[in-house]
Amino acid sequence: RVVREPPQIRRLDESVVNRIAAGEVIQRPVSAVKELVENSLDAHSTSINVVVKDGGLKLIQVSDDGHGIRYEDLPILCERHTTSKLSAFEDLQSIKSMGFRGEALASMTYVGHVTVTTITEGQLHGYRVSYKDGVMEHEPKACAAVKGTQIMVENLFYNMTARRKTLQNASDDYSKIVDLMSRFAIHHVDVSFSCRKHGAARVDVHSVATHNRLNAIRSVYGVSVAQSLMEVEASDDDPSSSVFQMGGLISNFSFAAKKTTMVLFINDRLVDWTALKRALEIVYSATLPKASKPFIYMSIVVPPEHVDVNVHPTKREVSLLNQEVIIEQIQSVVESKLRSSDDSRTYEEQT
Ligand code: ADP
Ligand code: MG
């Protein structure tokens, strides 16, 4: 038997640590778009425009009309763990902003080239500066700028060969970005969004600030989706079981699709909640046996201290207090809505 010496444990270079961490936060081009758009929303923008080249691998550009970034903050803007949104861990309990970790921009500079152009209220000109590996590549240069911030990410994953290879289907990633922007557009109805390919005249997502969700859905997902939607609401204010409010729009028996579309926001945060999605698919197939998969938009509001937003590097999942109770109550509201709409259809068919 060969007795092996234990291998020596060494400390990784900081640059290796940063690139590994960045690869978790920015999994695909669409993760970068999500982080950038959420930053624009956090900056109270009313208009957010996205341009994408090569599925986001060549270029992602997000422009907003938000409050901009202070000149003095530019040197540390893209350092890891620098943020204007959180100071104490306890603040996470009541955080209203999408961001809180100060990791998104930093991550992008470790796996791509980032250029920021920004102007704040009352300034005569803006500043432009590029970043690599967390630091400014040069002093900020004065430049012409309109209100807000534009962030450009070029050559994403240029230093991650394996990642680049697995992401070669650019059209696939572009459709993920379009899907993401569509979701934002129907929730944030007071913000106008657009998304297009670089150099294309056609805009693939376009919404104007309407303040009307059905109009937003009509312009983003089309007339046939909008036509088949019914409003649902549920709430529970009993602290002993759960506290939540849900408002949404769900498709009726006349809607036809092969795949479920579930657009879910919890406390204004775009998330995936597979358990709720499955639960609602079950209600649909039990209530409307011949019906296709549903379209569901839902916005759930719970007390901030009932949701843990810090469970996943992409923040795409959250963990929630009283999950089962909330799912059951939403299931039953959806079921009775579907039954009553199905009854009225049977009635219409008979008369
Ligand atoms: P986080 O959003 O978690 O704070 P980010 O790395 O995404 O971390 O952003 C770092 C900081 O940069 C933010 O806290 C914010 O102050 C500023 N910032 C980023 N994007 C914008 C933007 N579009 N408009 C204004 N400020 C921004
Ligand atoms: Mg952020």
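The shell around ligand 1 is made up of seven nonpolar, ten polar and five charged residues. Here Ala, Val, Leu, Ile, Met, Phe, Trp, Tyr, Cys and Pro count as nonpolar, Asp, Glu, Lys and Arg as charged, and the others, Gly among them, as polar. The model is predicted: local features need pLDDT of at least 70, side-chain atom pairs count only at pLDDT 80 or more, and totals for chains, interfaces and linings use all residues. Residues are numbered from 1 along each chain as its sequence is written, while chains are lettered from A and ligands numbered from 1 in the order in which they are written.

Asn39, Thr83, Ser84, Gly99 and Ala104 come nearest to ligand 1 among the 22 residues around it; a residue is near if its C-beta atom, placed from the backbone, lies within 6 Å. Helices H2 and H3 each supply at least two residues of this shell. Helices are DSSP runs (H or I, at least four residues), numbered from the N terminus.

The chain is divided into two domains, with bounds from an automatic or database domain assignment.

Contact requires C-beta atoms, placed from the backbone, within 7 Å. The C-alpha centres of the two domains lie 30 Å apart.

Leaving aside neighbours within four places in sequence, Val33 is in contact with Val50, Gly56, Ile60, Val62, Ile177 and Leu180.

Conventions
Two residues are in contact if their C-beta atoms, placed from the backbone, lie within 7 Å.
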